[in-house]
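I opened the notebook with the chain on screen. The entries below follow the order in which I looked things up.

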Amino acid sequence: MLLIECPWCGQRAEIEFSCGGEAHIARPADPGSMSDEAWADYLFMRKNTRGLHREQWNHSSGCRRWFNVERDTVTYRINAVYRMGQNAPEASA
Ligand SMILES: [Zn+2]
């Protein structure tokens, strides 16, 4: 079982969380000026990283807050957990 460190609640079992996909995808400033292809790319295209990957997680069965996780997709090792709005760790990824 994967254990995830919620920044507010501490270490909990993976079953208490929901993964929200790739982190740090900024909404375009002016979507109206984008082509359909660029808008579709923003909405649907995500990295399929082998190795370090940054994801959004929600503690859905706990405090219900969102936070970011930097995780290795090969080993499942979690390198860092940080709150929304905080900078990602520099040493990795
Ligand atoms: Zn929590």
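**Salt bridges**

I began with Arg 71, which forms a salt bridge with Glu 55, the closest N and O atoms being 2.7 Å apart. The pair links distant parts of the chain: Arg 71 sits in strand E5 and Glu 55 in strand E4, 16 residues apart. My cut-off for a salt bridge is a side-chain nitrogen of Lys or Arg within 4 Å of a carboxyl oxygen of Asp or Glu. Strands (E, at least two residues) and helices (H or I, at least four) are DSSP runs, numbered from the N terminus. I then checked burial and found both Arg 71 and Glu 55 buried. Here buried means under 20% relative accessible area, exposed over 50%, and partly exposed in between, with a 1.4 Å probe and protein chains only.

I note that this is a predicted model: local features need pLDDT of at least 70, side-chain atom pairs count only at pLDDT 80 or more, and totals for chains, interfaces and linings use all residues. Residues are numbered from 1 along each chain as its sequence is written, and side-chain values use heavy atoms, with hydrogens and water left out.

How many salt bridges does a search of the whole structure find? I count 3 in that search. Glu 70 and Arg 54 make one of them, with their side chains meeting at 3.0 Å, N to O. This pair also links distant parts of the chain, with Glu 70 in strand E5 and Arg 54 in strand E4, 16 residues apart. Glu 70 counts as buried because its relative accessibility is 0%. Arg 54 is buried as well, at 19%.

Arg 12 and Glu 16 also meet through their side chains in a salt bridge, at 4.0 Å, N to O. Arg 12 has 30% relative accessibility, so I log Arg 12 as partly exposed. Glu 16 is partly exposed too, with a relative accessible area of 22%.

**Zinc site**

Which residues coordinate the zinc ion? I find Cys 6 (SG), Cys 9 (SG), His 59 (ND1) and Cys 63 (SG), at 2.1 to 2.4 Å. Donors are N, O and S atoms within 2.8 Å of the metal (3.2 Å for Na, K and Ca); water is not among the atoms, so sites may look incomplete. The site is tetrahedral, with angles of 105 to 120 degrees among its 4 donor atoms. For four donors, tetrahedral requires all angles to lie between 85 and 135 degrees. Along the sequence I read the donor spacing as C-x2-C-x49-H-x3-C.

Is Cys 6 buried or exposed? Cys 6 is buried, because its relative accessible area is 1%. Cys 9 is partly exposed, at 26% relative accessibility. I place Cys 9 in the loop between strand E1 (3-6) and strand E2 (10-13). Not counting residues up to four places away in sequence, Cys 9 touches His 59 and Cys 63. Contact here means heavy atoms within 4.5 Å.

**Thr 73**

I moved on to Thr 73, in the loop between strand E5 (66-72) and strand E6 (78-83). Thr 73 is partly exposed, with a relative accessible area of 23%. Leaving aside neighbours within four places in sequence, I list Thr 49, Arg 50, Gly 51 and His 53 as its contacts. Two C-alpha separations went into the notes. Thr 73 and Ala 23 are 50 residues apart along the chain and separated by 14 Å. Cys 9 and Thr 73 are 64 residues apart along the chain, with 24 Å between their C-alpha atoms.

**Surface patch**

I found a nonpolar surface patch of about 340 Å², made by Leu 43, Phe 44 and Met 45. Patch residues have over 30% relative accessible area and no salt bridge; like charges are joined within 9 Å, and nonpolar side chains (Val, Leu, Ile, Met, Phe, Trp, Tyr) within 5 Å. Accessible areas come from the Shrake-Rupley method with a 1.4 Å probe; for residues, only the protein chains shown count as cover. Met 45 lies in the loop between helix H1 (36-44) and strand E4 (52-58). Met 45 is exposed, because its relative accessible area is 54%.

**Whole chain**

The chain has 1 helix and 6 strands, in the order β-β-β-α-β-β-β along the sequence. Its C-alpha atoms fill a box of roughly 45 × 30 × 25 Å, taken along the principal axes. Buried residues make up 28% of the 93 residues.

Notes:
Tetrahedral: all angles 85-135°; square planar, octahedral: opposite > 155°, others 65-115°.
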